[in-house]
Amino acid sequence: EYATQNNYLFSCTFSWITLKVHSSLEAVGLTAAFSQALTQNYISCNVVAGFYHDHIFVPSEKALSAMHALKELSKSV
């Protein structure tokens with residue numbers, strides 16, 4: 001809304017999803033696991049690995065599908 005109101009040009013919007021799993025920067029495989037779950041649902045993402053939590057940015061129109069895929073993944077782990 002802010003960008004539109006102030007006439008900023010943009011081509012897409014993203015939703016910010018924070019994984020509430022405590023992740024270590026030394027952990028192996030977490031990014032691969034959720035990336036694969038999103039890939040299987042044709043959802044692209046950008047990832048920011050934080051000290052305690054990872055953050056995923058997905059296209060806004062696919063945010064609900066991404067949340068569903070991540071919830072399904074959490075059930076299987």
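Reader: Hi! Buried means under 20% relative accessible area, exposed over 50%, and partly exposed in between, using a 1.4 Å probe and protein chains only. Which class does E72 fall into?

Author: E72 is partly exposed, at 37% relative accessibility. One caution before we go on: this is a predicted model, where local features need pLDDT of at least 70 and side-chain atom pairs count only at pLDDT 80 or more, while totals for chains, interfaces and linings use all residues. Residues are numbered from 1 along each chain as its sequence is written, and side-chain values use heavy atoms, with hydrogens and water left out.

Reader: Thanks! How many salt bridges does the structure hold?

Author: One. The term covers a side-chain nitrogen of Lys or Arg within 4 Å of a carboxyl oxygen of Asp or Glu. Here K75 pairs with E72, and their closest N and O atoms are 3.3 Å apart.

Reader: Where do K75 and E72 sit, and what separates them?

Author: Both are in helix α3 (residues 63-76), and because they are three residues apart there, about one helical turn separates them. Helices (H or I, at least four residues) and strands (E, at least two) are DSSP runs, numbered from the N terminus. K75 is exposed, at a relative accessible area of 64%. In general, side chains of opposite charge can pair when their charged atoms come close.

Reader: And D54, is it buried or exposed?

Author: D54 is buried, yet it has no salt bridge. The nearest side chain of opposite charge is K20, and that is 13 Å away. For charges, Lys and Arg count as positive and Asp and Glu as negative, with His and the chain ends not counted.

Reader: What does the D54 side chain reach, then?

Author: It reaches the backbone nitrogen of G50, at 3.5 Å. D54 itself is in strand β3 (residues 54-59).

Reader: H55 is in that strand too, I see. Which side chain does the H55 side chain make a polar contact with?

Author: With the side chain of W16, at 3.1 Å. A polar contact is a pair of N or O atoms within 3.5 Å; within protein, one must be able to donate a hydrogen and the other to accept it, and residues adjacent in sequence count only if both atoms are side-chain atoms. If you leave aside neighbours within four places in sequence, H55 is in contact (heavy atoms within 4.5 Å) with W16, I17, T18, N46, V47 and V48.

Reader: Zooming out, what's the order of the elements in the chain?

Author: From the N terminus it goes α-β-α-β-β-α, which comes to three helices and three strands. The C-alpha trace spans about 45 × 25 × 15 Å along its principal axes.

Reader: How much of the chain counts as buried?

Author: Of its 77 residues, 22%. Among contacts with a separation of 6 or more, residues 24 or more positions apart account for 62%.

Reader: How far apart are the mean positions of the positive and negative charges?

Author: 8 Å, for 4 positive and 5 negative charges. Each charge is placed at NZ of Lys, CZ of Arg, CG of Asp or CD of Glu.

Reader: On to backbone angles. What is phi of N7?

Author: Near 60 degrees, a positive value in a residue other than glycine. As background, most residues other than glycine have a negative phi. N7 lies in the loop between α1 (2-5) and β1, and N7 is exposed at 66% relative accessible area. Y42 also has phi near 60 degrees; it sits in the loop between α2 and β2 (46-49) and is exposed at 69%.

Reader: Last one: where is G29?

Author: G29 is in the loop between β1 (14-18) and α2 (30-40). It is partly exposed, with a relative accessible area of 39%, and its C-alpha is 16 Å from that of N46, 17 residues apart in sequence.
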